[in-house]
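This report goes through one protein model and its contacts. Please keep the sequence and the structure at hand while reading.

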2 protein chains.
Amino acid sequence: MGIVERKERDREEMRKLILSAAQKLFLANGYEKVSIRNIADEIEYSPATIYLYFKDKNDLLFALHQRGFVQMVEEFRPLLLISDPFERLVEMGRSYIRFAVENPELFDLMFIMNAPMDTLEKKDWVEGDQAFGLLVQVVQECMDTGVFRKHNVEATAMMIWSAIHGYTALFLRKRLGMFPECDRQTVMDDGFTLFCQTLRHGL
Amino acid sequence: MGIVERKERDREEMRKLILSAAQKLFLANGYEKVSIRNIADEIEYSPATIYLYFKDKNDLLFALHQRGFVQMVEEFRPLLLISDPFERLVEMGRSYIRFAVENPELFDLMFIMNAPMDTLEKKDWVEGDQAFGLLVQVVQECMDTGVFRKHNVEATAMMIWSAIHGYTALFLRKRLGMFPECDRQTVMDDGFTLFCQTLRHGL
DNA sequence: CAAACCTACTGAACACTGTTCAGTAAAAAA
DNA sequence: TTTTTTACTGAACAGTGTTCAGTAGGTTTG
């Protein structure tokens with residue numbers, strides 16, 4: 001009796017169809033300018049149909065948010081091969097910033113927007129945990145190999161994440177108006193380099 | 001002929017009335033849940049009236065955003081009396097975080113939300129420039145007195161701002177789910193302390 | 001003082017939004 | 001073949017930001 005299995009497959013495919021259409025529209029026009037009706041039009045179904053596959057708009061956004069993490073982990077995977085832990089840490093930071101610049105809408109959804117986190121609320125944030133785990137691990141190695149002094153690992157990881165995230169958050173939300181437009185990305189890169197130096201020798 | 005002056009005063013007062021009502025509602029319910037109609041109801045005028053005083057909703061949000069900066073500068077003023085530049089820098093950072101935690105909605109509007117920056121676009125961001133200027137100044141003093149090595153001042157100031165901003169941005173947008181709720185603020189404070197140490201001696 | 005003008009304001013509308021639900025046609029099970 | 005289940009939709013609801021013709025009342029002019 002393969003019917004229920006086929007139905008399940010169909011259902012999963014419909015979810016993917018919706019998500020792909022949504023992603024396409026979101027990345028093209030920004031999250032604020034895409035409505036459920038737009039997505040429905042794109043896949044040539046009624047708006048109500050989308051609600052058979054997603055609880056509400058936030059649920060849909062959360063699914064895209066998860067996709068974003070899959071993509072990000074994919075891009076980070078090669079970095080895990082770098083043997084020197086500090087060098088690996090630096091490259092992870094650089095990739096974080098690059099990911100934000102190259103996929104601004106997706107990054108926004110993953111780390112800045114409120115919407116996807118509202119669906120979570122109580123439950124815990126598996127993707128976040130995993131990604132943060134990667135960072136904690138590399139920081140731990142830096143301490144083990146004597147690159148960093150021994151501190152609370154999680155607090156240290158948190159400090160590094162925040163420092164790097166700060167650039168991206170200010171950049172994406174247009175708070176770098178004090179720098180000429182053309183310089184903004186350079187400012188971020190230079191700032192990051194300076195931060196890496198500071199980690200090793202202080203300011 | 002004081003009539004035109006009185007009209008001007010009336011007009012200014014109406015703007016204040018609208019802004020105060022808006023601020024009250026926004027701080028109570030969050031920006032996403034307050035509509036122009038809600039604000040109009042609060043001041044017992046028609047919604048259309050608000051458009052005689054503000055171009056659109058973003059314009060109104062931008063006015064509140066400016067108010068936020070006035071309030072923030074007010075809270076920062078006493079810190080400028082601290083003579084030791086590094087100590088002053090540390091206290092400024094601590095105040096930034098405190099301001100974010102104590103006025104989450106306002107801080108969000110000032111440093112995270114898209115809406116108020118959309119009205120700016122071309123023009124430059126005076127409030128941001130000023131606030132950043134304060135930071136640049138204290139960093140410069142830290143370099144002059146030999147607390148920091150000499151680097152590009154603006155890049156250094158930017159690095160420090162980003163590092164501190166990162167905590168607030170992740171905290172306010174609920175990306176600290178990997179820590180138990182009760183610890184989140186401690187994590188921020190400990191992280192900040194660690195960052196200050198790192199600035200002086202490296203990690 | 002009366003007539004003209006101007007200004008502040010409003011009701012109603014427009015084109016949207018997310019979301020729900022009764023109803024329908026087709027597929028699956030009996 | 002009949003019954004049941006499933007997938008889908010049109011239409012509606014209650015809300016949003018925004019615009020605009022129309023009006024009442026204060027201000028200026030003849």
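The sections below cover the interface, the salt bridges, an annotated span and one phenylalanine.

## Model and interface

The model is predicted. Chain A and chain B meet through 53 residues of chain A and 53 residues of chain B. The size of an interface is often given as the accessible area lost when the parts come together. Here the area buried between chain A and chain B is about 4,500 Å², and carbon and sulfur atoms give 64% of that area. On the side of chain A, the residues that lose the most area to chain B are R175(A), M178(A) and L203(A). Together these three residues account for 19% of what that side buries.

Polar pairs also cross the interface: 10 residue pairs of chain A and chain B are in polar contact, with both residues at pLDDT 80 or more. Five helices of chain A each supply at least two residues of the side that touches chain B, namely α6 (104-111), α7 (115-120), α8 (126-144), α9 (153-172) and α10 (184-201). The helix that gives the most to this side is α9(A), with 15 residues. Sorted by class, the side of chain A that touches chain B has 29 nonpolar, 13 polar and 11 charged residues.

## Salt bridge between the chains

Side chains of opposite charge can pair when their charged atoms come close. Two salt bridges are found across the interface of chain A and chain B. One of the pairs that form a salt bridge is K174(A) with D118(B), whose closest N and O atoms are 3.9 Å apart. The cut-off for such a pair is within 4 Å.

Where do the two partners lie? K174(A) is in the loop between α9 and α10 of chain A, and D118(B) is in helix α7 (residues 115-120) of chain B, so the pair joins two chains. K174(A) has a relative accessibility of 42% and counts as partly exposed. D118(B) is also partly exposed, with a relative accessible area of 31%.

## Salt bridges within chain A

Over all chains, the count comes to 15 salt bridges. Among the pairs within chain A, the side chains of K55(A) and D56(A) meet in a salt bridge with an N to O distance of 3.0 Å. K55(A) is exposed, at 61% relative accessible area, whereas D56(A) counts as partly exposed at 25%.

A salt bridge is also formed by K150(A) and D144(A), with their closest N and O atoms 3.9 Å apart. Are these two residues buried or exposed? Both K150(A) and D144(A) are exposed.

## Annotated span

A UniProt annotation from an unreviewed entry, "domain: HTH tetR-type", covers residues 12-72 of chain A. In the model, residues 12-72 of chain A are 80% helix and 0% strand. The end C-alpha atoms of this span lie 22 Å apart.

F99(A) is part of helix α5 (residues 85-102) of chain A. Is F99(A) buried or exposed? The relative accessibility of F99(A) is 1%, so F99(A) counts as buried, the limit for that class being under 20%.

Leaving out residues up to four places away in sequence, F99(A) touches G68(A), Q71(A), M72(A), E75(A), L106(A), F107(A) and M110(A). F76(A) is 23 residues from F99(A) along the chain, and the C-alpha atoms of these two residues are separated by 9.8 Å.

Definitions and conventions. Residues numbered from 1 in each chain as written. Chains lettered and ligands numbered in written order. Predicted model: local features only at pLDDT ≥ 70, side-chain atom pairs only at ≥ 80, totals over all residues. Heavy atoms only, no water. Contact = heavy atoms within 4.5 Å. Buried area = accessible area lost by both parts, 1.4 Å probe. Polar contact = N/O pair within 3.5 Å; in protein donor to acceptor, adjacent residues only side chain to side chain. Helix = DSSP H or I, 4+ residues; strand = E, 2+ residues; numbered from the N terminus. Nonpolar A, V, L, I, M, F, W, Y, C, P; charged D, E, K, R; others polar. Buried < 20%, exposed > 50% of the residue type's maximum accessible area, 1.4 Å probe, protein only. UniProt positions renumbered as here; feature names shortened; annotations may be inferred.
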